Amino acid sequence: MKQRIVCLLPALLLVLSTISAQHNPGVQIKKSGEYPQLLVNGKPFLILGGELGNSSASSMEYLKPRWSHLKEMHLNTVLVPVYWELMEPEENRFDFSLVDSMIGEARNHDMKIVLLWFGSWKNSMSCYAPLWMKANPKRFPRTPDSSGRSQEIFSVFGKETLAADKKAFAALLRHIKATDEIKQTVVMVQVENEIGMLPTAREMSASADKIFNANVPAGLLDYFKENKNRLVPEFRQKWEAAGAKLSGKWNDIFGEGVATDEIFQAWHYARYANEVTLAGKAVYDLPMYVNAALPRPGKLPGQYPSAGPLPHLMDVWQAGAPAIDLLSPDFYNPDTKYWCDLYARNGNILFVPEMQFDKAAAAKAFFIIGHYKALGFSPFSIESDNSGSLPLAKTYDLLQQLTPMITNKQWLNMEGVLLDKPNKKTVLKMGQYQLVVTHDATLSWSPEAKDSVWSTTGGIILQTAPDEFIVAGTGLVVTFENTDKDFVTNIAKADEVSYINGTETKGRRMNGDQDHQGRHIRFAVGDWGIQKVTLYNSPAKIDN
Ligand code: DGJ
């Protein structure tokens with residue numbers, strides 16, 4: 001009898017794990033409602049992440065000593081490349097050992113993972129494809145440069161290339177499902193990496209020309225018909241300038257030039273990425289996104305990695321790749337607000353998978369999470385020794401403390417502020433109040449007041465009751481005014497607070513010099529903290 005029970009045990013465990021998987025909601029993006037969220041094991045999850053340098057996940061020995069550092073920086077998620085060349089070194093022979101050890105380490109450190117599929121393209125090139133593919137251009141065609149020479153860039157029209165990518169990606173997702181569906185350590189997947197065409201705006205091969213000279217596919221034109229009034233303005237203008245036609249060839253519909261070449265290429269990249277995404281989702285339906293290299297100002301298509309999921313091509317990507325959940329910007333330029341605003345259109349939910357890892361990144365995390373309600377934030381090369389590490393650790397510490405409040409929407413209004421070079425003041429309307437947020441260095445007694453260059457500072461503000469605000473950040477001064485001019489607003493109390501597992505602990509009462517005798521609340525440059533502020537109002541007019 002005892003022996004029979006032992007024999008039945010594995011089958012029983014399998015049944016139990018299947019039942020548990022069935023009752024366990026998968027990782028999802030809740031898109032409905034005013035506040036989109038990533039749900040992991042059924043609970044909202046805010047990604048306080050960091051992306052590994054490109055080669056770091058190819059050696060577990062290299063990475064092993066760095067995990068505890070990531071944990072000390074209060075990261076809850078690591079963005080980890082999966083290298084196709086190492087995962088499928090020979091056709092149909094898959095090796096998931098690196099992925100498995102990454103998941104194991106993440107679990108040991110109570111962290112989550114976003115997998116980055118370095119598949120057919122990585123920053124425009126095809127350097128991460130397996131050698132058995134790269135060395136067989138007949139089967140896996142490459143793109144020519146402008147002089148006709150072959151480049152290590154797969155053609156988007158390679159049917160066998162797409163089939164191989166889909167197969168490998170599905171194998172990866174199958175493995176993740178089998179090993180991680182219950183624990184949900186892997187919470188999102190990036191499909192390819194910074195897809196983009198260089199150094200021409202589109203492929204210039206004979207086969208590409210043939211497709212370019214044929215009619216624009218109905219899929220794209222139907223999208224125009226159905227979404228005419230919500231196309232992003234710069235794209236709509238281009239289409240309307242050429243006559244807003246609903247049939248014809250690429251040059252007929254968009255006019256001749258590199259911008260049209262880019263639209264053509266974007267459509268085909270989007271279709272390809274959509275197929276890869278669908279192949280993965282059919283096996284294990286995780287949230288999936290694509291990322292884009294942002295162009296430098298004044299550059300034309302072909303001079304930057306073109307045709308990726310860029311803001312001016314959002315419609316093309318959304319039409320061509322409906323299986324993709326998010327289009328995400330990678331930031332290596334300072335215009336954070338400008339680009340985030342462009343990505344927060346057309347219902348796109350913001351997630352920043354790459355942010356230049358410098359001292360300013362810490363302030364940007366507050367802004368992007370507070371203002372855009374982003375799913376998460378992640379500086380690049382997170383394991384490197386960096387001047388940004390300590391500031392980021394301090395920001396993530398505060399955001400981690402506030403996470404239950406942020407994700408359970410225990411706020412009436414939430415905002416983020418970024419005080420960078422051109423912006424030293426932000427005015428916010430929250431409930432009945434106007435908040436004026438200025439850089440700490442605007443105070444003559446700030447440590448940076450006399451410096452010619454001020455640090456980038458920022459914060460997050462949650463209005464938790466009509467007269468109550470929780471402010472967290474660094475290098476900020478916040479004043480509160482009543483929008484009803486018949487009343488004056490003053491600070492009833494400002495307390496330093498911290499939150500451990502959602503439980504509030506009070507620190508100092510911030511009065512006197514700390515709140516400039518009741519005039520404002522302040523976090524000096526170089527200080528990070530959370531303050532809870534209660535306001536009171538009195539009539540503006542004095543009757544006596
Ligand atoms: C953006 C890419 O997506 C990353 O993989 C990396 O190459 C960085 N650029 C820059 O190092």
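**Close-up views of a predicted model**

Ala244 sits in the loop that runs between helix H10 (233–241) and helix H11 (250–254). This is a predicted model, in which local features need pLDDT of at least 70, side-chain atom pairs count only at pLDDT 80 or more, and totals for chains, interfaces and linings use all residues. Residues are numbered from 1 along each chain as its sequence is written, and side-chain values use heavy atoms, with hydrogens and water left out.

(Buried means under 20% relative accessible area, exposed over 50%, and partly exposed in between, with a 1.4 Å probe and protein chains only.) Helices (H or I, at least four residues) and strands (E, at least two) are DSSP runs, numbered from the N terminus. Asn41 occupies the loop between strand E2 (37–40) and strand E3 (43–45). Asn41 is partly exposed, because its relative accessibility is 29%.

For Glu354, a polar side-chain atom is 2.6 Å from an oxygen atom of the ligand. For Lys122, the separation is 3.0 Å. For Glu194, it is 3.3 Å.

**View C. Packing of helix H15 on helix H16.**
Helix H15 (residues 361–372) packs with helix H16 (residues 389–407) at about 30°, and their axes are 8 Å apart. H15 is therefore roughly parallel to H16. (Axes are lines fitted to C-alpha atoms, for helices over the stretch in contact, and angles run from 0 to 180 degrees between N-to-C directions. Under 35 degrees counts as roughly parallel, over 145 as roughly antiparallel, 65 to 115 as roughly perpendicular and the rest as oblique.) H15 contributes Ala362, Ala365, Phe366 and Ile369 to the contact, and H16 contributes Pro391, Leu392, Thr395, Tyr396, Leu398 and Leu399. Contact means heavy atoms within 4.5 Å.

**View D. Tyr499, a buried residue of strand E19.**
Tyr499 belongs to strand E19 (residues 487–500). It counts as buried because its relative accessibility is 4%. Leaving aside neighbours within four places in sequence, Tyr499 is in contact with Gln401, Leu402, Met405, Ile470, Glu504, Ile530 and Lys532. The side chains of Tyr499 and Glu504 form a polar contact of 2.8 Å. (A polar contact is a pair of N or O atoms within 3.5 Å; within protein, one must be able to donate a hydrogen and the other to accept it, and residues adjacent in sequence count only if both atoms are side-chain atoms.) Thr403 is 96 residues from Tyr499 along the chain, with 9.6 Å between their C-alpha atoms.

**View E. Leu63, a buried residue of helix H2.**
Leu63 lies in helix H2 (residues 60–63). At 1% relative accessibility, Leu63 is buried. Not counting residues up to four places away in sequence, Leu63 touches Leu52, Ser56, Ala57 and Met102.

**View F. The cis peptide bond between Leu198 and Pro199.**
Omega is about -5° at this bond. Pro199 falls in the loop between strand E9 (186–193) and helix H8 (206–212).
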